[in-house]
Amino acid sequence: MFRKVLIANRGEIAIRIIRTCRELGISVVAVYSEPDAESLHVRMADEAVCVGPAPSNQSYLNIASILAAAKLTNTEAVHPGYGFLSENADFVRAVADAGLIFIGPSAEAMNVMGSKTSARRAAVEAGVPIVPGTVEPLTSFAETKETAHKFGYPVMLKAAAGGGGKGMRLVHSDEDLLSAFENAQAEAASAFGDSSVYLEKAVEKPRHIEIQIFADTFGNVVHLGERECSIQRRHQKVIEECPSPINDPELRRQMGNAAVKIAKAVNYVGAGTVEFLVADATREFYFLEMNTRLQVEHPVTELVTNFDLVREQFQVADGQRLSFTQEDVEWLGHAIECRVYAEDPDNNFFPSPGTITHLQEPSGPGIRIDSGVRLNSEVSIHYDPMIAKLAVWGRTRVEAIDRLRRALDEYKVGGITTTLPFFRRVVRDDEFIDGHLDTGFISRFNAREKAMDAQLPDVQINDMAIVAAALHHVRQHKKSVSRLATSSTTNRWKMSGRNAALASREAVPSQWRKR
Ligand code: MV4
């Protein structure tokens, strides 16, 4: 096994990787940007090297600087985490050229999956269904129109170099096609430096379900089942689960086999994720793209399969065989993860940077927190605003949701605004509880909340002052009042919601308003 590894990342994922390094006896080199000098991942590492100023392209994306840090510290291997350089084939080559081992797949596999059109061709060659559409970029508007007619409206235009919904346009008719084509091209050019777009037939009410795969250098490829990631906001995942609430072992087997075929087709090595769209009505699944990295949401798979995916990554990169076969993979219980962001859910998820002045994390049965921050941490505007992931495990989905509700109510973050109050409302939403999770969930949820707000009587400014005074009183006498409040209701979800509102330091007035 490696003696020393450099982690080319920051925040919670750097810490997640450090933890497994400790268990494997690997010494850790952290890298950091100037404003991150005091951050948790730096404190937890054995050595740390500053790789540049705040902007990512001068620090965490600075290949020369990171390789210099590796050389300076005599590192043997580099773990890229997710984001930053994790899917950059140039980085993979540069790491190899520097005589280091990259913890991840080859630059070739990364390149194939980096372009959605070449990824689609790979899927076709592997015999895996793709969403009907083109496998080459569109070369003219005339061709676009012809193709739209061939597959039939509604269609999706997507950036070939893309991902994350950038450069994506849903088009319903000929009238909208030209402007959508031009806008998609312009957006793709500015986001990815490549204006190529291709076309897919739009899948109605799709679910986003992805399969975790693992491959070693001996050609063994296994899958670790699915994660349901249909709850997204602006193409950012918000809540992830394993298993999918559809929970269909046959579908898992079929999608798992499809994902393994795709991995084999590109000689994949390491941890990877194959994304599918699943039509809600028919449960037909279509290959969407492959992510050639460890993903943010890997903890839900770890909780249900009991594998340490980072440990397997190190072993595979070290040239060892996978420590398990497909038959060894068992799924037990249900896990759900919430991504906690430093954003204001009551102000259109506006970023909320600042200093964390209070932090109380939940714990107890079935709770896992992957946090990148601690008390007095500074959440800066320079990087992704995700500060932590709260994942829970339960024997059933119901138990997992009960636990998640309890954990969210325990979780207190002061000094910055977080998305915790939003999650407290989602876990009390009937549609979420029933597992109706297609990609329209968030907009339907928002509409339901708006309708609820509209039903409330208008509150005058004067009344607000009274409410504020009452809230102040409640906070001073938290214990006795919350006991009074809970004894007066029989609905335990409402009860815990009220307790959360009473105890919460965040957005108390709006919570009060909603409960
Ligand atoms: C689609 C689709 C419907 N039909 N493709 C792909 C990237 C992802 N962030 C959004 N994507 C979609 N691709 C076809 N052919 C619908 C979506 C989509 C979506 C997918 C998963 C989760 C949330 C979503 C929200 C809007 C649209």
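How many aromatic pairs does a search of the whole structure find? The search finds 12 aromatic pairs, where rings of Phe, Tyr and Trp (its six-membered ring) pair if their centres lie within 6.5 Å.

## Basis of the model

This is a predicted model, in which local features need pLDDT of at least 70 and side-chain atom pairs count only at pLDDT 80 or more, while totals for chains, interfaces and linings use all residues. Residues are numbered from 1 along each chain as its sequence is written, and side-chain values use heavy atoms, with hydrogens and water left out.

## Overall composition

The chain holds 19 helices and 22 strands, helices (H or I, at least four residues) and strands (E, at least two) being DSSP runs numbered from the N terminus. Of its 515 residues, 55% count as buried; buried means under 20% relative accessible area, exposed over 50%, and partly exposed in between, with a 1.4 Å probe and protein chains only. Among the contacts in the chain with a separation of 6 or more, 65% are accounted for by residues 24 or more positions apart, a contact meaning heavy atoms within 4.5 Å.

## Aromatic rings and charges

A pair of aromatic rings is described by the distance of the centres and the angle of the planes. The ring centres of Phe2 and Phe314 are 6.5 Å apart and their planes stand at 65°, so this pair is edge-to-face; planes under 30 degrees apart count as stacked, over 60 as edge-to-face and the rest as tilted. The pair links distant parts of the chain, with Phe2 in the segment before β1 (4–7) and Phe314 in helix α11 (residues 309–317), 312 residues apart. Both Phe2 and Phe314 are buried. Elsewhere, ring pairs join Phe349, Phe422, Phe423, Phe432, Phe441 and Phe445 into a cluster.

Phe432 also has the charged end of Arg397 over its ring, 5.0 Å from the ring centre, and the charged end of Arg321 sits over the ring of Phe218, 4.1 Å from its centre. A charge sits over a ring if NZ of Lys or CZ of Arg is within 6 Å of the ring centre and within 35 degrees of the ring normal.

His79 is found in strand β4 (residues 77–79) and, at 1% relative accessibility, counts as buried. Not counting residues up to four places away in sequence, His79 touches Val5, Leu6, Ile7, Ala8, Ile17, Ile103, Val310, Gln313 and Phe314.

Glu240, in strand β11, counts as buried at 0% relative accessibility. Leaving aside neighbours within four places in sequence, Glu240 is in contact with Glu228, Cys229, Glu297, Val300, Ala335, Ile336, Glu337 and Arg339. The C-alpha atoms of Glu240 and Ser230, which are 10 residues apart along the chain, are separated by 7.6 Å.

Helix α4 (residues 89–97) and helix α5 (residues 107–114) pack at an angle of about 175°, with their axes 9 Å apart; axes are lines fitted to C-alpha atoms, for helices over the stretch in contact, and angles run from 0 to 180 degrees between N-to-C directions. The two helices, α4 and α5, are therefore roughly antiparallel to each other, given that angles under 35 degrees count as roughly parallel, over 145 as roughly antiparallel, 65 to 115 as roughly perpendicular and the rest as oblique. In this contact, Ala89, Val92 and Arg93 of α4 meet Ala107, Met110 and Asn111 of α5.

Seven of the eight residues of helix α10 (residues 298–305) are buried, so this helix is largely enclosed by the rest of the structure. The buried residues of α10 are His298, Pro299, Val300, Thr301, Glu302, Val304 and Thr305.

## Backbone details

Most residues other than glycine have a negative phi, and most peptide bonds are trans. A cis peptide bond joins Tyr153 and Pro154, with omega about -5°, and Pro154 lies in the loop between α7 (141–151) and β6 (155–159). The peptide bond from Cys242 to Pro243 is also cis, with omega near -5°, Pro243 being placed in the loop between β11 (236–242) and α9 (249–265).

Lys205, which is not a glycine, has a positive phi of about 45° and is found in the loop between β8 (197–201) and β9 (206–215). Asn267 has a positive phi near 50°, lies in the loop between α9 and β12 (270–279) and, at 62% relative accessibility, counts as exposed. Just after α10, Asn306 takes a positive phi of about 65°.
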